[in-house]
Amino acid sequence: MNHKNLTELAQRRNDGLEITLLWARADNSLHVAVHNERTGLDVAFAVDRSKALDAFYHPFVYGT
């Protein structure tokens with residue numbers, strides 16, 4: 001994922017996790033990125049537009 005072409009749509013922090021909903025201009029796709037502040041690990045995945053907000057609030061359901 002090229003972060004230069006991404007627009008942040010929403011961001012939240014909860015219990016050491018930073019969750020961001022991103023829009024990729026190049027292909028009009030949506031992605032959820034999760035950063036674990038405790039371990040430093042990052043996970044990002046594409047998400048269907050119809051499920052984007054649900055994936056933002058429940059990323060571990062969709063990111064598997």
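With which side chain does the side chain of S29 make a polar contact at 2.6 Å? The partner is the side chain of D27, and a further polar contact, at 2.8 Å, joins the side chain of S29 to that of H31; such a contact is a pair of N or O atoms within 3.5 Å, one able to donate a hydrogen and the other to accept it, and residues adjacent in sequence count only if both atoms are side-chain atoms. The model is predicted, so local features need pLDDT of at least 70 and side-chain atom pairs count only at pLDDT 80 or more, whereas totals for chains, interfaces and linings use all residues. Residues are numbered from 1 along each chain as its sequence is written, and side-chain values use heavy atoms, with hydrogens and water left out.

S29 lies in strand β3 (residues 29-36), strands being DSSP runs of E with at least two residues. S29 is buried, with a relative accessible area of 17%, because buried means under 20% with a 1.4 Å probe and protein chains only. Leaving aside residues up to four places away in sequence, S29 touches L22, W23 and A24, where contact means heavy atoms within 4.5 Å.

Strand β3 belongs to an open sheet of four strands, ordered β1-β2-β3-β4 with antiparallel pairing, where two strands pair if DSSP finds at least two bridges between them. The edge strands, each pairing on one side only, are β1 (6-14) and β4. Between β2 and β3 the antiparallel pairing extends over eight bridges, and W23 stands opposite L30 in β3.

How values were computed: Buried means under 20% relative accessible area, exposed over 50%, partly exposed in between (1.4 Å probe, protein chains only).
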